[in-house]
Amino acid sequence: MSDRDKAIEEGISRRDVLKAGMFTAAALSAPLILNPGRTSMAEAPKSTYSSDLLIIGSGFAGTFAALEARKNGLSVIMVDKGVVGWSGMSPWASDSRPFDAEIYDRDEWHLNLAMNTEYVNDRVWLDIFMDESLDIFYELQAMGAHETKPFERGTRVFRSELEAAGVAFVERTMVTSLLKDDDGRVAGAVGFTYDDSREASKAVVLNAGAVVLCTGAGSYKSPGFPIWGQTFDGDAMAYEAGATIVGKEFHDTHPTFAFAPAAAYEGWKWAQEVKGAYVMVGPPNKLEGGLTLGNALNVYQNGVDRRLGVGPGGEPPPVPGAPPPGAEERERNRKYLGKGYLRTPGLHLDMGGPPEAPSEEGDGEKLGHRVGGATAGMGVHKSEGILSSDYSCAADGVEGLYAAGDALGSMLCGSLYPGRGFSSYGSAIQGRRAARSAVNFVKSNPPPKVRSEKIEAAVRNMWAPRENAEGYSPEWLTVTLQNTMTPFHVLYIKERRRLDGALASIEFLRKHCVPRMIARDGHELRMAHEVKNMLLNAEMKLRAGLYREESRGTHFREDFPVRNDKDWFCWVTVQQKGGEMNMGKQMLPEKWKPSSSNSYRENYPRVFPGEDEYLRNQRFSI
């Protein structure tokens, strides 16, 4: 039975179904349309919650933050746009790479990670990761997380731990803005329930002594990667609250498949079916294993060939008689076996190299080779997000606001993801650290109070698309945003004229269309706020891409195809000042720069198109 027939059987008339279909078609074809679901939300019900600490998001970062806060005596409310245990990308998290001082060399990790990420990774956060990652391994083991498959970990382990600790859940609630008291201290948030199939949407007011954003990353809802519900909500709310954002010019480059670009699960099949701890053996590689711009540059230089096992635009074809990719690294890492924590029974060990190809008979032919473009705008794990300069996870310049995981711009991985194993444990470490900082803040300050008129203003602004008589549908805005931002010659192959053109379009959508969005029900209201957040982040990404006039990691400028340590050994920051988007630099310590005794190419062995010619012309002194 089709979805339409099921709907009719359940009591929805054929006329209603056809009207809904016509509305969707009209919304995508004509931008300015009437709102058939217009309604006054003045009398909409409202639920109010209060706690010492509000945690938004329930993945690795949120779970470890909540458990740590409860250990320290705070009451905790955890709110999630979905369902606790199935939050964001955490159900897909598979591998880890704990640092064990018994078997690994700290200096080697620093050297390898710095070179792979092109030297703009944060060395202090890497030290924190190396100090605490093994503790996370053993804590997960004690929880029983090593006895489950990745998809089961959140529902069978994390949710049970949170319930046992007394964490209160508010689920299927879209949070739209942070609340601040008269002193500018973040003191909660507002949002709404969006599932109109059972009951009408209601406003949700969440009062708290402090807020930890564990909202994850974002993308433009592209297929091929399990991130459809993550739409930069945390970055948007933090930016509007005055926080500094970092890392927007660097982009993730997870691949998908040439013949099945929407096949998200198949890309993780090699790890999602493993029961037990999935551990990467060995240190991060200096150059290999990272999520680089390789596929996008192949397309840029040579076009795309979709034949199985044929590049460019994807994985290169195998060389007859040559060892498989990563063979040398796997052999090199055998020396660590049977040492340190790797002696733990039941581990599933990955010796390095690229992920395994689809293994079931016929899978390779059905899916095709890997190509880029699965994530479309997602930031680098542990790099894009809210800046915390003092390593406390407190948002710079905003009291009472903390962030962890992919919502925190820690720059642990700098300009590109250097290989598997840093994301989930990094989130857990940061969640725990954010909670400890928030605990100290809450216990040291009197409870904040937000004036009722501020709350009511936030709620009215939240409901606006439901009350607009005519305007732009969130579906149309989303498609227009995707068409503007996802082409590889905007996201990955950058040049001033194209970035300026995309920026002009995004600015128009934000200023002219967003205030006039319409929504018939709670589901479309969620979409409206999501596309609003995506558009804000699109502007941040375009402005950061224009501002950094060099190439580095996953940021490539055709008009500036070289690394320029003299002017751009920094992080690019974005902050709202006076209602305007303000760009800035946070310069990095001189001691983090690559060795001055090496040649340029020794420090930066990856070659960008046009880079050597640019260097020969000596257009600037490096």
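Contact means that heavy atoms lie within 4.5 Å of each other. In this predicted model, that definition shows how helix 3 meets helix 12: Phe60, Ala61, Phe64, Ala65, Glu68 and Ala69 in helix 3 touch Ser424, Ser427, Ala428, Gly431, Arg432, Ala435, Arg436 and Val439 in helix 12. By class, the residues of this contact are eight nonpolar, three polar and three charged.

## Two helix pairs

Two packed helices are described by the angle between their axes and the distance between the axes.

| Helix pair | Axes come within | Crossing angle |
|---|---|---|
| Helix 3 (residues 60-71) and helix 6 (residues 150-164) | 10 Å | roughly 20 degrees |
| Helix 3 and helix 12 (residues 423-444) | 7 Å | roughly 35 degrees |

The axes of helix 3 and helix 6 cross at roughly 20 degrees. Angles under 35 degrees count as roughly parallel, and therefore helix 3 is roughly parallel to helix 6. The crossing of helix 3 and helix 6 is left-handed. On the side of helix 3, Phe60, Thr63, Ala66 and Leu67 make the contact, while helix 6 contributes Arg153, Phe158, Glu161 and Leu162. Five nonpolar, one polar and two charged residues form this contact of helix 3 with helix 6. Helix 3 and helix 12, by comparison, cross in a right-handed manner.

In soluble globular proteins, nonpolar side chains tend to be buried together. The largest nonpolar core in this model has 116 residues, of which Ile56, Leu178, Leu213 and Leu401 touch the most other members. Helix 5 (residues 123-143) gives the most to this core, namely 10 residues. A second, separate core holds 32 residues, including Ala296, Tyr492, Cys513 and Ala538.

The surroundings of Ile56 can be described in detail. Apart from neighbours within four places in sequence, Ile56 is in contact with Val79, Val175, Leu178, Ala189, Val211, Val212, Leu213, Cys214, Thr215 and Met237.

## A buried aspartate

Asp235 belongs to helix 7 (residues 233-240). Is Asp235 buried or exposed? Its relative accessibility is 3%. Buried means under 20% relative accessible area, so Asp235 counts as buried. When residues up to four places away in sequence are not counted, Asp235 touches Ile245, Lys248, Glu384, Gly385, Ile386, Ala407 and Asn537.

Methods:
Residues numbered from 1 in each chain as written. Predicted model: local features only at pLDDT ≥ 70, side-chain atom pairs only at ≥ 80, totals over all residues. Heavy atoms only, no water. Axes fitted to C-alpha atoms, helices over the stretch in contact; angles between N-to-C directions. Helix = DSSP H or I, 4+ residues; strand = E, 2+ residues; numbered from the N terminus. Parallel < 35°, antiparallel > 145°, perpendicular 65-115°, else oblique. Left-handed = near helix turned anticlockwise from the far one by under 90°. Nonpolar A, V, L, I, M, F, W, Y, C, P; charged D, E, K, R; others polar. Core = buried A, V, L, I, M, F, W, Y, C linked by side-chain atoms within 4.5 Å. Buried < 20%, exposed > 50% of the residue type's maximum accessible area, 1.4 Å probe, protein only.
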